[in-house]
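Student: Could you walk me through this one? I have the sequence and the coordinates open and would like to go from the whole chain down to single side chains.

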Amino acid sequence: MTKTIGQQLRELREKSELPLRKVAAAIDIDQSILSKIERGERRASREQIIRLAQLFKVSQKEMLINYFSDRVLYEIADEDFASDILKVAEAKVKYLTKTKQQ
């Protein structure tokens, strides 16, 4: 998935033909905040993403993957060795997951 979470949310909202104000009210945030989230000017919370996934009846897992991948992207995007960081982080995740299973 190459869309940001904001782009994905706007697309879902437009496909559902719902105005910003109705979606914002449904998840109990201000319309201007939702607009900024869609434009990538503000980050949604994990809880907001879950509520939006429920509202649009889409996979929470897929929405959360997109949400967290954006968070990682914003953290390392300007680094010259971002790909190397991701490879090391992936190895660490695998190691920690394996360690927790033992």
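**From the chain to one helix**

Tutor: Of the 102 residues of the chain, 29% count as buried, and please keep in mind throughout that this is a predicted model.

Student: OK, and what pattern does the chain follow along the sequence?

Tutor: The pattern, read along the sequence, is α-α-α-α-α-α, with six helices and zero strands in the chain. The C-alpha trace spans about 45 × 35 × 20 Å along its principal axes.

Student: Of the contacts between residues at least 6 apart in sequence, how many join residues at least 24 apart?

Tutor: That share is 47% of the contacts in the chain between residues at least 6 apart in sequence.

Student: Let's switch to α5. How many residues does α5 have, and how far does α5 reach?

Tutor: Helix α5 has 17 residues, and from its first C-alpha to its last it reaches 24 Å, which is close to the 24 Å expected at 1.5 Å a residue. At the N-terminal end, α5 is capped by Ser 59, which places a side-chain oxygen 3.3 Å from the backbone nitrogen of Lys 61.

Student: Which residues of α5 are buried, and what do they pack against?

Tutor: The buried residues are Met 63, Leu 64, Asn 66, Tyr 67, Asp 70 and Ile 76, and they pack against α1 (5–15), α4 (46–56) and α6 (82–101). As background, an α-helix has 3.6 residues a turn, so residues three or four places apart point the same way.

Student: Then what is Asp 70 in contact with, leaving aside its neighbours within four places in sequence?

Tutor: Asp 70, which lies in helix α5 (residues 60–76), is then in contact with Thr 4, Ile 5 and Gly 6.

Student: New topic, aromatics. How many aromatic pairs are there?

Tutor: The count comes to one aromatic pair. The rings of Tyr 67 and Phe 68 have centres 4.8 Å apart and planes at 65°, so this pair is edge-to-face.

Student: And are those two buried or partly exposed?

Tutor: Tyr 67 counts as buried because its relative accessibility is 7%, whereas Phe 68, at 35% relative accessibility, counts as partly exposed.

Key. Residues are numbered from 1 along each chain as its sequence is written. This is a predicted model: local features need pLDDT of at least 70, side-chain atom pairs count only at pLDDT 80 or more; totals for chains, interfaces and linings use all residues. Side-chain values use heavy atoms; hydrogens and water are left out. Rings of Phe, Tyr and Trp (its six-membered ring) pair if their centres lie within 6.5 Å; planes under 30 degrees apart count as stacked, over 60 as edge-to-face and the rest as tilted. Buried means under 20% relative accessible area, exposed over 50%, partly exposed in between (1.4 Å probe, protein chains only). Helices (H or I, at least four residues) and strands (E, at least two) are DSSP runs, numbered from the N terminus. Contact means heavy atoms within 4.5 Å. The expected span of a helix is 1.5 Å times one less than its number of residues. A polar contact is a pair of N or O atoms within 3.5 Å; within protein, one must be able to donate a hydrogen and the other to accept it, and residues adjacent in sequence count only if both atoms are side-chain atoms.
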